[in-house]
Amino acid sequence: MTTGPNLRMTQRNDLSDNDLLRLMLAGDEEALAQLYRRRQASVYRFALQMSGSKSIAEDVTQEVFLFLMREGQVFDPARGSVGAFLLGVARNYVLRRLRVEHLLSPLADEHEEEQSVFQAPADLCPLEDLTRAETIENVRKAVLSLPAKYREVVVLCELQDVSYVETAEILGCAIGTVRSRLHRARALLLSKLRPAESVADADSASVKSARCFA
Amino acid sequence: MNCQKFEQVVGDLVRGRMMEADVRAGVLAHSEECGLCSARLRDEGTLTRGLQLLAVDTESLSAPPEMELKLREAFRQRQAVVPPAATSARPRYWWAAVAAVLLIAMTVAAMWWRSATPQQEVAREEAPKKIEAPKQVVAPNGPREVAPKEAVLNAENVEPGRSAVTPRPIRRNTKPRQVPETQLANHVSNEIATDFMPLGDLNPASLQDGGQIVRVKVRRSTLVRFGLPVNMERYNENVKADVLVGSDGLAHAIRFVQ
């Protein structure tokens with residue numbers, strides 16, 4: 001038999017983000033916790049992929065939810081989902097932070113630190129693991145070197161798999177603008193990655209055939 | 001399909017976005033024919049795979065667990081400081097509305113006070129005149145008689161053809177004015193007035209509906225028209241008179257004051 005608090009927790013799990021936000025604004029702490037658990041990862045990843053800095057990502061995530069506590073009533077369901085709203089707030093905080101700190105590229109030490117956070121699948125052979133890690137690192141550098149307006153569409157559409165419509169809501173622009181920026185961003189990424197990829201492809205292809213398919 | 005159209009849709013193709021089957025077939029067919037577009041398709045595919053790898057690698061990342069505790073703590077502190085009802089926007093709007101209404105009310109009151117002040121000053125200036133005027137209705141024992149009997153002209157002195165009936169001065173405001181008795185006494189002793197004499201064919205009885213006494217100055221020669229004696233040496237001087245104006249705005253009667 002379900003006890004009272006468990007029942008309440010079960011009910012909260014079934015609630016929409018809008019309902020949780022409404023409860024949170026009415027003073028329900030568990031609603032805040034539930035909403036945080038649902039949405040913190042996407043906010044954190046967005047901030048991390050935009051800034052390349054773990055500390056900035058943590059700060060931004062915290063600021064976003066503190067903002068939600070303070071100014072949550074400004075959310076308008078007619079203008080989009082709670083998730084899009086939070087990512088929009090996160091975007092503003094990230095851009096502000098980057099402007100303030102002039103961090104348009106990640107710091108080297110943090111970059112190294114975060115590299116250890118990424119986990120590779122265990123079923124890959126060491127060389128594939130190395131190649132994969134190298135590819136990821138190159139792509140990550142290329143993404144972080146993009147101008148902010150291109151970086152954010154790549155992070156949202158390519159890395160967070162957000163739809164064009166939601167991306168337009170988050171960025172406050174038209175869908176056509178999202179598409180054109182994404183197109184331009186991919187072209188920039190290709191130009192940045194082409195030399196490295198061609199060399200890496202050539203090397204990895206020869207070694208891969210020697211090691212993995214031997 | 002040409003290279004330009006290929007360029008437009010190649011991104012959606014490699015990212016697995018929905019597109020029409022014939023467009024997809026056209027893109028693939030064009031990439032087999034065109035070397036540049038074939039290389040572009042390969043590059044786009046490589047880029048998409050790289051981005052997918054990056055997305056998969058960061059997929060498991062999330063904020064540190066202690067952040068939830070910090071946020072809960074901040075939430076509790078906030079609830080302790082600010083009650084939930086005060087966090088909503090509506091009360092804030094109510095306060096703004098109340099402040100706006102108060103501001104408007106104060107502005108209106110200030111404007112009203114400014115406009116009322118000159119009227120009060122005029123009223124204050126006129127007040128002594130009214131007291132000086134022979135408003136007999138305020139007399140405690142009689143409604144209108146203030147002049148001594150010996151000074152009052154008889155009905156025989158009234159111009160022939162005019163009624164000798166003296167109309168009662170009736171004020172619109174029936175509430176007796178509180179005038180000090182000493183002031184009234186001074187007034188009675190200072191002025192001598194004739195009885196009211198009707199003007200033209202107006203019915204003095206209509207004054208029962210209300211009226212007003214207006215103090216005016218007229219030429220002393222006017223006295224002649226009412227059969228009153230005139231000192232010819234002071235023929236061009238003015239003499240004070242009370243005109244009884246009815247509720248219809250017409251002058252009904254007149255008396256002369258000395």
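A residue counts as buried when its relative accessible area is under 20%, and as exposed when that value is over 50%. With that cut-off, Cys37(B) is buried, because its relative accessible area is 6%. Keep in mind throughout that this is a predicted model.

Let me stay with the cysteines. What is the count of disulfides over all chains? It is zero. Cys157(A), for one, is in no disulfide, and the nearest cysteine sulfur, in Cys173(A), lies 9.3 Å away. For Cys37(B), the closest cysteine sulfur belongs to Cys3(B), and at 3.5 Å that is too far for a bond. The cut-off for a disulfide here is 2.5 Å between the sulfur atoms.

Cys157(A) is buried as well, at 2% relative accessible area. Cys157(A) is among the buried residues of H8(A), and that list also includes Tyr150(A), Arg151(A), Glu152(A) and Leu159(A). Helix H8 of chain A covers residues 148-159, and ten of its twelve residues are buried, so the rest of the structure largely encloses this helix. After H8(A) comes Asp161(A), with a positive phi near 55°.

Now chain A as a whole. Its secondary structure is ten helices and zero strands. Chain A has 214 residues, and 47% of them count as buried. If we take the contacts in chain A between residues at least 6 apart in sequence, 65% of them join residues at least 24 apart.

Chain B does have strands. Four of them form an open sheet in the order E1-E4-E3-E2, with antiparallel pairing. Which strands stand at the edges? They are E1 (197-198) and E2 (211-219) of chain B; each has a single partner strand, so one side of each has no neighbour in the sheet. Strand E3 (residues 238-246) and strand E4 (residues 251-257) of chain B run antiparallel and are joined by six bridges. To pick out one position, Ala241(B) has Phe256(B) in E4(B) as its bridge partner.

Next, salt bridges. Side chains of opposite charge can pair when their charged atoms come close. Over all chains the count is 21 salt bridges. I will show three of them.

Are the two partners buried or exposed? Arg38(A) is partly exposed, with a relative accessible area of 29%, whereas Asp17(A) counts as buried at 11%.

The next example is inside chain B, between Glu7(B) and Arg40(B), at 2.2 Å from N to O. Glu7(B) is in helix H1 (residues 3-14) of chain B and Arg40(B) in helix H3 of chain B, so the parts being tied together are 33 residues apart in sequence. Glu7(B) counts as partly exposed at 26% relative accessibility, while Arg40(B) is buried at 15%.

The last example crosses between the chains. Arg72(B) and Glu29(A) form a salt bridge of 3.0 Å, N to O. Arg72(B) belongs to helix H4 (residues 66-81) of chain B and Glu29(A) to helix H3 of chain A, so the pair joins two chains. Arg72(B) is buried, with a relative accessible area of 11%, and Glu29(A) also counts as buried, at 16%.

That brings us to the interface. How many salt bridges does the rule find across the interface of chain A and chain B? It finds seven. In terms of contacts, 50 residues of chain A touch 39 residues of chain B. The two chains bury about 4,100 Å² between them, and 60% of that is on carbon and sulfur atoms.

Finally, confidence. The model scores ipTM 0.75 and pTM 0.54. Chain B has an average pLDDT of 72, and 63% of its residues score at least 70. Over residues 129-166 of chain B the pLDDT is below 50, although this stretch has 70 contacts in the model beyond near neighbours in sequence.

How values were computed: Residues numbered from 1 in each chain as written. Chains lettered and ligands numbered in written order. Predicted model: local features only at pLDDT ≥ 70, side-chain atom pairs only at ≥ 80, totals over all residues. Heavy atoms only, no water. pLDDT = per-residue confidence, 0-100. Contact = heavy atoms within 4.5 Å. Buried < 20%, exposed > 50% of the residue type's maximum accessible area, 1.4 Å probe, protein only. Pairing = 2+ DSSP bridges. Helix = DSSP H or I, 4+ residues; strand = E, 2+ residues; numbered from the N terminus. Buried area = accessible area lost by both parts, 1.4 Å probe. Salt bridge = Lys/Arg side-chain N within 4 Å of Asp/Glu carboxyl O.
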